[in-house]
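Please open the model in your viewer and keep the selection panel at hand.

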Amino acid sequence: VINAFRWVRDRIPYFLQEDWSVPVQHTLTIRQGMCSTKCCLLVSLLRSAGLQAGFYIQRQDATASFVAPKWICDHYSKKSVHILAAVKLNNSWIKLDPMLDSMLSTSFDQANVVYVPEYPCTVDFDGYNHALPGPNSDDVTFFESIDHLMVKKSRIPSAVIQAHNICLELLRKVGSIFNSKEEAIMEMERHLEEVYPDLVEKIKQGHDDKNKPLGITLQNRPAVDTLRTNCRSTLTSKL
């Protein structure tokens with residue numbers, strides 16, 4: 001269970017997706033996923049090993065928990081669905097949250113970005129206790145299947161998802177140089193406005209055509225070295 005948890009957590013980097021109905025095999029192919037698709041993969045692996053596994057569903061304030069500019073977070077819900085994996089060990093159900101890959105969560109921790117005070121963003125499983133980025137909560141519902149959720153389409157505009165994923169990648173690469181959540185968000189905003197002005201304008205004006213791809217992907221972002229140089233230059237000028 002420990003190996004499966006760590007593999008899904010780190011080998012499948014966290015990115016938002018427009019479509020929840022992603023088969024496990026597709027998640028393995030594209031090597032990225034969000035809370036639901038990563039948990040589906042983990043549960044599938046655990047069940048294939050002969051273990052009892054399922055899901056917990058909880059609600060969380062996504063407008064506050066995400067690290068991104070306000071004009072991105074405003075599109076999310078204060079009662080957003082969050083999926084946890086679950087495995088039965090020694091007659092007890094253990095909650096597992098493999099959502100944040102170590103590269104991303106380490107950047108969060110180094111930049112003093114926290115979801116819950118006194119709890120690190122980096123989550124690991126010791127084989128006994130719940131693996132969560134915060135205290136264990138009973139305010140969750142257990143499901144053997146989340147197929148009823150996986151058929152739903154995201155209500156978040158595709159431009160918002162693309163911009164948020166660019167922010168996540170920026171945090172992975174240079175997040176460790178930030179000293180606070182606020183500083184990280186300021187740099188995200190500057191980076192998006194300078195490199196992806198059309199995307200920012202589309203989001204702020206509220207225009208988004210899901211039938212027409214924006215043509216903006218992580219693959220055509222500036223080189224990581226350039227990002228790091230720009231970030232450091234910006235921070236130096238502020239100081």
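**Cavity, core and pocket**

The largest cavity has a volume of about 50 Å³, where a cavity is a set of points on a 1 Å grid over the protein atoms alone at which a 1.4 Å probe fits but cannot get out, points being joined across faces, edges and corners and a volume being the space filled by probe spheres set on them. This is a predicted model, in which local features need pLDDT of at least 70 and side-chain atom pairs count only at pLDDT 80 or more, while totals for chains, interfaces and linings use all residues. Residues are numbered from 1 along each chain as its sequence is written, and side-chain values use heavy atoms, with hydrogens and water left out.

To find the cavity, select R9, D97, M99, L100, C121, V123 and P133, which line it, a lining residue being one with an atom within 4 Å of a point. This lining divides into 5 nonpolar, no polar and 2 charged residues, with Ala, Val, Leu, Ile, Met, Phe, Trp, Tyr, Cys and Pro counted as nonpolar, Asp, Glu, Lys and Arg as charged, and the others, Gly among them, as polar.

Next, select Y14, I72, I83, L96 and L192, the residues with the most contacts inside the largest nonpolar core, which has 65 residues. Such a core is a set of buried Ala, Val, Leu, Ile, Met, Phe, Trp, Tyr and Cys residues joined through side-chain atoms within 4.5 Å, buried meaning under 20% relative accessible area with a 1.4 Å probe and protein chains only. Helix α8 (residues 158-174) gives this core its largest share, 10 residues; helices are DSSP runs of H or I with at least four residues, and strands are runs of E with at least two, numbered from the N terminus.

Centre the view on L192, which touches P69, W71, I72, A163, I166, C167, P197 and V200, leaving aside residues up to four places away in sequence; contact here means heavy atoms within 4.5 Å. Then move to Y56, A86, L132 and V140, which are among the 5 residues of a second, separate core.

For the last stop, show the largest pocket, with a volume of about 660 Å³, a pocket being an open set with protein on both sides within 12 Å along at least five of seven lines. Of its 27 lining residues, W20, S80, V81, R155 and I156 are the closest to its centre, and β1 (53-60), β2 (80-89) and α7 (147-150) are the elements that give two or more residues to the lining. By class, this lining has 14 nonpolar, 8 polar and 5 charged residues.

Key:
Buried means under 20% relative accessible area, exposed over 50%, partly exposed in between (1.4 Å probe, protein chains only).
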